[in-house]
Amino acid sequence: MNELDLMTKIVSLCKRRGFVFQSSEIYGGLKSAYDYGPLGVELKRNIAAAWWRSMVYERDDIVGIDASIIMHPKVWETSGHVAGFSDPLVDCLNCKERFRGDKAPRAEVGSEVVFHEGGKSSGKKLKGHVGACGYVCPVCSSPNLSDERQFNGMFRTTLGPVDPLAEFFKEIKEKNLDEREMRAKYEECLKRSLVYLRPETAQAMFVQFLNVQQTTSMKVPFGIAQQGKSFRNEIVVEHFIFRSCEFEQMEMEFFIEPGTQDQWLKYWTDERMAWYKKYANSGESFRLRQHDKTELAHYSDDCYDVEYLYPWGWGELEGIASRTDYDLKRHGAATGSKLSYFDQNKADPETGKPGWRYVPYVIEPAAGLTRTVLAMLLDAYCEEKSVDANGQEKVRVLLKLHPALAPIKAAVLPLVKKDGQPEKAEAIAKELRRAGLNVACDDAQSIGKRYAKHDEVGTPYCITVDTQTLEDQTVTLRDRDTAQQERLTIPAAVAKVVEACRHP
Ligand code: GAP
């Protein structure tokens with residue numbers, strides 16, 4: 001299958017079957033945000049639950065929190081996001097595309113390039129030379145570009161009833177200010193009520209470090225986990241839900257003793273890779289890549305990405321960073337809070353005296369929930385070709401999602417809409433629901449069409465109720481991946497579905 005075709009097929013399946021819709025579609029849609037439909041929300045919640053389970057429920061050294069999206073604006077000054085969370089924004093003077101300079105195709109400084117006037121292939125062919133920036137427009141290859149300007153990726157809004165624009169107009173009235181002075185005045189007025197939508201969930205775990213440690217008496221090493229929405233005003237949104245402006249993250253800050261970061265970084269990269277491989281079909285589509293020194297963020301002394309082999313190539317799925325003591329130290333210094341830990345069983349390495357107070361180092365596995373939804377859909381998508389009795393080629397589309405992640409765990413299907421079969425199907429569905437599973441009871445269309453529909457949305461099992469069911473209390477259990485059916489008693493079929501849907 002052509003690789004970009006795969007993306008087109010996934011996007012189409014997502015819309016057709018109710019996984020993901022364009023935000024505000026009937027108003028023309030927003031390119032930067034998506035809505036998760038009835039099946040998408042289930043897949044997303046199941047992935048989130050699998051992560052929470054492995055991070056929090058299966059361990060005694062990590063606890064969870066759910067912090068607010070709007071935090072004190074000083075949090076983002078201290079963390080470095082106000083000054084540093086920006087990307088180089090460039091305008092193409094030929095085709096008017098707006099793009100990130102650091103992601104643009106590289107070209108040798110001074111080399112000659114040919115491009116079409118206005119970016120249209122029908123336009124006149126022009127020649128130009130690559131400027132000192134060393135890149136060209138990603139859309140039309142023109143070297144005629146604006147200067148880079150730093151664009152901060154945080155969304156700004158205001159808190160409270162004050163209208164900063166009204167304040168601004170009051171303040172500039174009858175003052176003859178130039179553009180720079182007016183901008184400074186506007187920023188000053190805005191600052192009085194300015195807040196940001198969080199660009200990552202991580203900072204709340206640092207800011208609440210003391211509250212969590214003191215209320216739980218957790219001992220280092222321990223972690224704080226959180227899932228939730230984050231917002232980034234991305235210059236380029238791309239590849240469907242891969243990069244959007246509103247998305248969800250699953251992050252965990254693991255607080256450790258200084259000097260143990262190498263061992264814990266290795267531990268967490270192994271853990272996280274194993275987690276993805278447990279749920280995926282194709283383990284080879286996941287790999288670890290260490291950042292080279294030039295890629296490291298200002299707070300990090302080492303970092304790995306879990307990468308997935310997307311249709312357009314390897315790309316980030318999760319970052320696992322060794323964040324040193326940067327964040328706790330910065331928030332401690334900015335607020336005067338003692339964001340440190342006292343280990344009474346250790347001697348202070350400097351003085352040799354019993355008891356050691358230190359600022360913990362941090363290992364941070366930071367995953368994208370919505371990006372994992374995309375990776376799991378891509379990993380699960382299969383087409384099986386066969387030839388029917390008339391020699392016609394048939395294609396069976398199926399999503400081989402792990403049963404624990406599948407939106408619908410089983411479809412209970414009466415063969416016909418009469419003879420008590422629908423009622424029997426409903427009773428079996430009720431039993432599965434009692435076991436905590438999301439199931440569908442479906443009597444529309446032919447049985448073949450119903451199987452095809454459930455294959456396409458990843459339902460691991462179809463339970464078919466037929467005439468024999470009412471005679472001997474047996475059903476057929478159809479396996480999505482093999483399309484094979486076996487005849488089982490109702491309790492055996494229910495037990496098999498429940499067992500298969502357990503988390504690995
Ligand atoms: N606290 C560290 C942090 O936020 P990051 O690498 O910027 O690190 C972590 O983000 C993960 O969040 C990424 O690996 C990716 O999966 C996801 N992510 C980041 N920006 C995203 C976006 N615009 N759209 C969707 N997912 C995004």
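This is a short walk through one predicted protein model, from the whole chain down to a few local spots.

Okay, housekeeping. Because the model is predicted, local features need pLDDT of at least 70 and side-chain atom pairs count only at pLDDT 80 or more, while totals for chains, interfaces and linings use all residues. Residues are numbered from 1 along each chain as its sequence is written, and side-chain values use heavy atoms, with hydrogens and water left out.

So, the overall picture. The C-alpha trace spans about 90 × 80 × 50 Å along its principal axes. We've got 15 helices and 25 strands; those are DSSP runs numbered from the N terminus, H or I with at least four residues for helices, E with at least two for strands. Of the 504 residues, 49% are buried, and buried here is under 20% relative accessible area, with exposed over 50% and partly exposed in between, using a 1.4 Å probe and protein chains only. The accessible surface is about 25,300 Å², and 50% of that belongs to carbon and sulfur atoms. That area comes from the Shrake-Rupley method with a 1.4 Å probe.

Now, a helix pair. Helix 2, residues 38-57, packs against helix 11, residues 369-380, at about 110° with the axes 10 Å apart. The axes are lines fitted to C-alpha atoms over the stretch in contact, and angles run from 0 to 180 degrees between N-to-C directions. That makes the two helices roughly perpendicular, the label for 65 to 115 degrees. Who touches whom? From helix 2 it's Leu43, Lys44, Ile47 and Ala48, and they meet Leu369, Thr370, Thr372, Val373, Met376 and Leu377 of helix 11. Contact means heavy atoms within 4.5 Å.

Three strands form an open sheet in the order 5-4-8, with antiparallel pairing. Strand 5 (98-100) and strand 8 (149-152) are at the edges with a single partner strand each, so one side of each has no neighbour in the sheet. Neighbouring strands are turned by 45° against each other on average, direction ignored. Strand 4, residues 86-91, pairs with strand 5 over three bridges; DSSP has to find at least two for a pair. In that region, Asp91 stands opposite Arg98 of strand 5.

Last stop, Ser193. Where is it? Ser193 sits in the loop between helix 6 (179-191) and strand 10 (194-196). Ser193 is buried, at 10% relative accessible area. Leaving out residues up to four places away in sequence, Ser193 touches Thr157, Thr158, Leu159, Val162 and Pro164.

Terms used
Parallel < 35°, antiparallel > 145°, perpendicular 65-115°, else oblique.
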